[in-house]
Amino acid sequence: MATQTKCCKTSGLGYGTPLEAMSGPREALIYVTCLFTGTGREKPDYLATVDVDPNSPTYSNVIHRLPMPYLGDELHHTGWNACSSCHQDPSANRSFLILPSLISSRIYVVDTKKDPKAPSLHKIVQPEDILEKTGLAYPHTSHMEMPKDVDFFSLTPNSMWEKPGHSPLFCDDFWNQPRHKTMISSSIGAPVAFTKGFNLQDVADGLYGRYLFVYSWPDGELKQTLDLGDTGLVPLETRFLHDPTKDTGYVGCALSSNMVRFFKTPDGSWSHEVAISVKPLKVENWILPEMPGLINFFLISLDDRFLYLVNWFHGDIRQYNIEDPKSPVLVGQVWVGGLVQHGSPVVAVTEDGKAWQANVTEIQGHRLRGGPHMMQLSLDGKRLYVTNSMFSPWDRQFYPELVEKGSHMVQIDVDTDKGGLKVNPNFFVDFGAEPEGPSLAQEMRYPGGDCTSDIWI
């Protein structure tokens, strides 16, 4: 289930264009969702405020924690009540961060305006309220969308966004391009499958998705279903290019480890093609003879020049030049964990039969655990922040050390001229050393918006 909040029609909030946003102030704070759910520690999930100002005495530290009032939520992909789509509305205010809970189906509304360094809980939308109004559960992602779906002032669910009979079987992420009157959503799979961890048989049984759903926007009419086939198994994050005139975007297909480009055709329909393929690694001492990269997150720089993706299994982050969206070019790569790093029992085998493991740099004496998952890019595109928890049942299955010892957050320096990625040795947030015990860090948001929450009209 995806949750949506109001989009404004009528200068104010955010930035007038994506390129204008790139000239915005440097980030000083970042909000991080942190989980105890699934770790065996009976503590509530919380929202951490991390200081990312290099001139601050608390740089690279958690400076505030806002615990949720319930256990077992599994906070997931957050979003704002308003974004740069509201730039022409002087009354708009980016004041509430929306926190969906994937397991409990609760949605928390957090006030970040009163004290940005110490957010406070504003409202709780209970799962029974969501179920009564929509018939849905397992809220996954929050983006700012249309006024009929959520009351902007009371922040309560009103109804289903899709027209009756136009709902997909599965849903994960979604993104819209208003000038093309289109919204596209992806399809992870059935909660009965993915909430228990990953089982390859569930793919064969049709419990995981392979489709993109094309809707008219803002009408909510399902216009087209794109079958991605075996090249598009388990499509997750979905992004249009930021330029609102463009009619193309990408979806990361986790199990196939492909980036699929979707685009409008001359007749007005939508089509797709594989734009990036990450080859599986031949491995020893793992559950399968070949290991997919598992692309479970990506983002696009605000100038639409670079696409960044993570391979959660392999452990690398990749930077592609997408100035030609049809033909991305790999220009940067760095390993920050993974199942095949030095010291792991899992060994990759090269084409000439040699054993290989990735060199992963320690940061401030810390060995990097897990694999890269969530990312957030600075507005100017020069700093990439990365956490490493995907979803607690999957963390426990594939990276049990991560559940035991906790997550971390790292920062990657980005070469925006020629391309290139390099770990910043001066930044490391260890969520394994939290006061209530090791936690799992996931989504990240800046108070002033970012490239994964703002849409332009």
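A: The side chains of Asp173 and Arg239 meet in a salt bridge, with 3.5 Å from N to O, where a salt bridge is a side-chain nitrogen of Lys or Arg within 4 Å of a carboxyl oxygen of Asp or Glu. This is a predicted model, in which local features need pLDDT of at least 70 and side-chain atom pairs count only at pLDDT 80 or more, while totals for chains, interfaces and linings use all residues. Residues are numbered from 1 along each chain as its sequence is written, and side-chain values use heavy atoms, with hydrogens and water left out.

Asp173 lies in the loop between strand S9 (141-144) and strand S10 (174-177), whereas Arg239 belongs to strand S14 (residues 235-240), so the pair ties together parts that are 66 residues apart in sequence. Strands here are DSSP runs of E with at least two residues, helices are runs of H or I with at least four, and both are numbered from the N terminus. Asp173 is buried, with a relative accessible area of 1%, and Arg239 is buried as well, at 3%; buried means under 20% relative accessible area, exposed means over 50%, and partly exposed is in between, with a 1.4 Å probe and protein chains only.

By the same rule the count of salt bridges comes to 19. Another of them joins the side chains of Asp316 and Arg318 at 2.9 Å, N to O; Asp316 is buried with a relative accessible area of 1%, and Arg318 counts as buried at 14%. Elsewhere, salt bridges that share partners join Glu27, Asp380 and Arg383 into one network.

S20 pairs with strand S21 (residues 306-311) in the antiparallel sense over five bridges, where two strands pair if DSSP finds at least two bridges between them. Phe298 has Leu309 of S21 as its bridge partner, and the two strands form a hairpin with five residues between them, in whose turn Asp304 has a positive phi of about 60°.

In helix H2 (residues 127-134), the buried residues are Pro127, Ile130 and Thr134. They cover an arc of only 65° around the axis, which puts them on the same side of H2; the arc is that of the directions from the helix axis to the C-beta atoms. Among the elements that cover these buried residues are strand S7 (107-111) and strand S8 (120-125). Gly135, which follows H2, has a positive phi near 75°.

Ser257, in the loop between strand S15 (248-253) and strand S16 (258-264), is buried with a relative accessible area of 1%. Not counting residues up to four places away in sequence, Ser257 touches Ile276, Ser277, Val278, Pro292, Gly293, Leu294 and Ile295, where contact means heavy atoms within 4.5 Å. Met390, in the loop between strand S27 (383-386) and helix H5 (392-398), is buried with a relative accessible area of 10%. Leaving aside neighbours within four places in sequence, the contacts of Met390 include His76, Leu294, Trp312 and Gln442. Met390 and Met374, 16 residues apart in sequence, are 7.5 Å apart in space, C-alpha to C-alpha.

Ile287 lies in the loop between strand S18 (281-284) and strand S19 (290-291), and together with Leu200 and Leu288 makes a nonpolar surface patch of about 270 Å². Patches are made of residues with over 30% relative accessible area and no salt bridge, like charges being joined within 9 Å and nonpolar side chains (Val, Leu, Ile, Met, Phe, Trp, Tyr) within 5 Å. The strands S18 and S19 belong to an open sheet of four strands, in the order S19-S18-S24-S25, with antiparallel pairing.

Definitions and conventions. Areas by Shrake-Rupley, 256 points an atom, 1.4 Å probe, with all protein chains shown as cover.
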